[in-house]
Structures are given as structure tokens and as C-alpha cells.
Amino acid sequence: MFASLHRSKPRAFFQALGAVSLVAATAGLSAPAQGAQLNVDEYEDQIRSRFGSTKGYSTTLVRTTGFRYGVSGGAATHSDAMTWDVLANVGSATKMVGGLLLVKVLEEQGKSTPQVLSFLDNEIRHYLPAVVKNALPVENRKITFRDLLQHKSGIRGGDPANPFVQLLVPVEDSDYGVRSYHNINSKLLTYLVPIVGNPANLPAINDAVANNGWSATGNDIIQAMGWWYETFVRYYIFDPVDPDLAATCDPDPDALGTLVNGWTIAGAYTTKTDPYAGVIYNSKLLAGHCKAQGGWYYSSKAFASIFQYLGHSSGFISPSTYDALYSPTGSSTTRNNRLVWSSEIASAKLEDLYGWKASPYHGGSHPVNRSGSVPNAFRTTHARSAVIRLPSGYHAVGIVNSGEMSSGDIASELKNAFANALE
């Protein structure tokens, strides 16, 4: 039904990467800047002291030199230890993947960094199916790709399965252009990325709407394009980074612990002392498709590998484009115009050493309620995560599977552990 995507042969999704290691490092502990050097023993101590209150935690620190270091602890399930190879729900942190994917497909079309940035000022209405475009309120016709990546679209409201439901509600003038975090901004990328990446998909989706009687507010369009979104993620990000990347949006809800393919998947819990079975949330089963805004499970090692070489020529997008997403040395106004990254956090030490006024991060938080006769205190489980960009080519990822830390806490503690380990 849809235009074909030129892809190499399909790959097995999960394959064993080798023996689990709680802490591992590859090349290079070169000095970060101005004589500062990372003391990895101190870094590990910092991580363990800052994350030890949770049920389980998994962190991975990577650098563009090839350096990679994992520190994990606690429990993934009542019978499995948490390691950097364990898959866990990263929640909205996966919005980073959706935003980077949009940038990637633009570069794949031969666009330079200035051309990518210029494209982002295009109004998204030109890429919508006709049944949605024709119903779009006048106030919403000005919404651009840049608005989505900056969370400045002005779209508010709930979280229906179909993002077009919210898109068809007129935005308030006072909300447009104001940074405000809402799922809808990334949720729309589930549909938009396959259209931008392969424009022939737009007439194909219009034909499908006409032939099948699909509506703007039903789920058929987004479910059809969700399959293509998942395909684009695997082809344009997973394949260049690692064809066997440990990630899925389709975890078996009954596969707590060891999966049939040998991987371990972490459950979500309320607290460190939660006595009940962990919870797995299957986004693909419930929504009918994978989503750009959340619902993916990654190991911290796999998620960090996506960011490891960004900002370097070995990254899957160009260094100039990646650097254009956020300026750590820029003014507050410049940093507020950041792309893809949802938040930022400052460090006096990192500013002193590197001139970084703040580090960008994206968090993820996914509460899921247990069913059945469970006491209220143990009903709502939590999966939380964060990825943060640090100076000198470093990125850090942290995942916890209980509610003691918010995603902002995770980002802050990753940053503090890194800063305090610099000598």
C-alpha cells in the first residue's frame, strides 16, 4: 500500500551481544579539558551513592573517543540483577530518537546543516493527509517542524491515541511559541517522519484514506504510519549504530525476566521494597503501532550507544547539525530555542571548566497502574530515565525502575557524578 523503503535484508531484532558485565570500559581516558581528568573509580562511587535508593538502576557513560563505562545495581526483577544489558522502559527519553530521526532523514536527502535548519521552518500542514489538512483550524496552519522539536506548537490537551485529535483543536495565541512540554509534539513525528523521509508515502496514505473510508480522528492512519516509523528507526538509526541494538517497542507483557531470546527485561515497581511482580508495558500491543513519543525498552548500554558518537564525524548525523540542536555556551534565549532536547541543567563546575552554561537533557517517566487486588501504596509503578549531554564529547544515560527518583533527578545526579569525578 505504501511506497517501498529501500532497506537491506531484515535483521533479527535481538541477538546476544556476549556476556553481561556490570562495569566495562573501552578505549581512552584522555583529559576532558584544561587539565581536568575523569576519575572513573570516583565516578562509579558517585553513581552508586546517588542511585542506590532505587529498586534497580542502570547507567552508561560514553564518549566520542570510544570510551564506555557502565555502573548498575539493584534488581531488574525479584530474581534478576540490574545490569547495563537489561532492557527497561525509558519512557519519553525516546523522544530524542524521534527528533534525531527527523534530522537524519533530512541529511539522507543531501541537505546541509543550514538546509536542515531551514527545512524545519516548513509548516507541517503540507505533509498531512488531505483529510486532516482540510480540517485543520486556521490558527494551526502556522505550526512548523521547528515548533514540534521545540515544544512550542501551542497544542495542548489530553493524550489520545491519534495525535490528529489534538492537532484539530485550535491553539491559543498565548500558547503558540511558548515552550511547554506535551506528548503531542513528538507523537506527530510518528506520522510525519515517514512522510518526510519518503514523500511518496503521502499520496499513498491519501489513497488508503479514500479507498478505506478512514477518518481524520480514527486510528487507522496513525497505525499504518506507525509501522513505517518503526521501520525508519531501525534502518536509519539502529542499523548505523548497531544492527542488533538492544531495544524494542514490543516487549512481551508475560516475559518479565528472561525473554525467549535470552534477554532480560526489567519490571517497573513502586519503590525499592515493592514486593509485587514488576510491570511491563507493551506500547505496540496496546496502540497497534510503535510510537515516537515513548513506549520503547532499551538497555542503558544500547540507548547510550545511540548518542556515543554524536558531535563527532563518526556519528549518524553530522557534527555541525548535532551542535546546532543546542548551544551549551549560548545565551538563555539561544538555549531556550534548543531543538529536540526538552530540558537543561546547569553546573558551576562544568561552566568553570568548559564554559558550559548548561547541559541539555531529556527525561522519561512512565507510570503504569497494576490491575487486580493490589494495595493502593503499590498500585502505581514507575519507569524513569534520562539522557544528558556533557562536555568534551560525553553523554550519560540513567534508567531506574521505581519511583524514588524523577527523570530530572536522574539527569541531575548523572551530571553531578560526572562533575564531581573530574580532577
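Two residues are in contact when they have heavy atoms within 4.5 Å of each other. Among contacts between residues at least 6 apart in sequence, 73% join residues at least 24 apart in this protein. The model discussed here is a predicted one. Its 423 residues include 58% that are buried, and the protein contains 15 helices and 11 strands.

For H7 and H9, the axes come within 8 Å and cross at roughly 65°, and the crossing is left-handed. On the H7 side, Leu189, Thr190, Tyr191, Val193, Pro194, Ile195 and Gly197 take part. These residues meet Ile221, Ile222, Met225, Gly226, Trp228, Tyr229 and Phe232 of H9. By class, this contact of H7 with H9 comprises 11 nonpolar residues, three polar residues and no charged ones.

Rolling a probe the size of a water molecule over the atoms shows where empty space is left. The largest pocket has a volume of about 370 Å³. Its lining consists of 24 residues, and those nearest the centre are Ser92, Asp159, Asn183, Gln293 and His366. Helix H7, spanning 183-197, and strand E9, spanning 359-369, each supply at least two residues of this lining. Strand E9 provides the largest share, with six residues. In terms of residue class, the lining of the largest pocket has 14 polar, six nonpolar and four charged residues.

The second largest pocket has a volume of about 240 Å³. Of the 20 residues that line this second pocket, Val241, Asp242, Leu245, Ser305 and Ile306 are the closest to its centre. Helix H9 (220-241) and helix H11 (300-307) are the elements that give two or more residues to this lining, and H11 gives the most, with four. The lining of the second largest pocket includes 11 nonpolar residues, together with five polar and four charged ones.

The structure holds two cavities of 30 Å³ or more. The largest cavity contains about 60 Å³ of space and is lined by Lys95, Gly99, Leu148, Leu149, His151, Asn185, Ser186, Leu189, Val340 and His362. At least two lining residues come from each of helix H2 (95-108), helix H5 (145-149) and H7, with H7 giving the largest share, three residues. The lining of the largest cavity is divided by class into four nonpolar, five polar and one charged.

The second largest cavity has a volume of about 40 Å³. Around this cavity lie Ala88, Asn89, Ala266, Gly267, Ala268, Val279, Tyr297, Ala383 and Asn401.

Terms used. Residues numbered from 1 in each chain as written. Predicted model: local features only at pLDDT ≥ 70, side-chain atom pairs only at ≥ 80, totals over all residues. Heavy atoms only, no water. 1 Å grid on protein atoms, 1.4 Å probe; cavity = no way out; pocket = protein on both sides within 12 Å on 5 of 7 lines; lining within 4 Å. Points joined across faces, edges and corners; volume = space filled by probe spheres on them. Nonpolar A, V, L, I, M, F, W, Y, C, P; charged D, E, K, R; others polar. Axes fitted to C-alpha atoms, helices over the stretch in contact; angles between N-to-C directions. Left-handed = near helix turned anticlockwise from the far one by under 90°. Buried < 20%, exposed > 50% of the residue type's maximum accessible area, 1.4 Å probe, protein only.
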